[in-house]
Amino acid sequence: RAPIQTYAQFLARTLLNPMTIAYFAALILGNGTGTLVTPADRAAFVAGAVLASLSWQSLLAATGALAHKRFSPRAQRATSVIGNLVILVLGVRFLV
């Protein structure tokens, strides 16, 4: 897979992240009710959210690339199963 495709995939996942949507919805719907009252404040918030998301996704991608090179196929499967179980447990906890 080309690096740009991988980046686009992570970007799409970030944009679909419920917390990202909640932050931007709160920013838009809270028009003037919070501390972000000027267009410059709102632009700074959006830029900060984008940079925070980009740095987090970059860290995840770099860690995944390093792990992919160093882990055996068995260890890769194990970490994948463990990671998916953690996400499942957190999702169930969130729903409860």
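Reply: Helix α1 gives the nonpolar patch its largest share, 4 residues. The model is a predicted one. The patch is made by I4, Y7, L11, L15, L51 and L54, and has an area of about 610 Å². Two or more of these residues come from each of α1, which spans residues 3-15, and α3.

On the α3 side, L54 is one of the patch residues, and its place is in that helix. L54 counts as partly exposed because its relative accessibility is 35%, and the partly exposed class lies between the 20% limit for buried and the 50% limit for exposed. Entry to a patch requires over 30% relative accessible area and no salt bridge.

V50 also belongs to helix α3, which covers residues 39-70. V50 has a relative accessible area of 46%, so this residue is partly exposed as well. Between V50 and T14 the C-alpha to C-alpha distance is 9.6 Å, while the two are 36 residues apart in sequence.

As for the setting, the protein has 4 helices and 0 strands, and the order from the N terminus is α-α-α-α. Of the 96 residues in the protein, 7% are buried. The protein has an accessible surface of about 7900 Å², and carbon and sulfur atoms account for 73% of that surface.

Definitions and conventions: Residues numbered from 1 in each chain as written. Predicted model: local features only at pLDDT ≥ 70, side-chain atom pairs only at ≥ 80, totals over all residues. Heavy atoms only, no water. Buried < 20%, exposed > 50% of the residue type's maximum accessible area, 1.4 Å probe, protein only. Areas by Shrake-Rupley, 256 points an atom, 1.4 Å probe, with all protein chains shown as cover. Patch = residues over 30% accessible without salt bridge, like charges linked within 9 Å, V, L, I, M, F, W, Y side chains within 5 Å. Salt bridge = Lys/Arg side-chain N within 4 Å of Asp/Glu carboxyl O.
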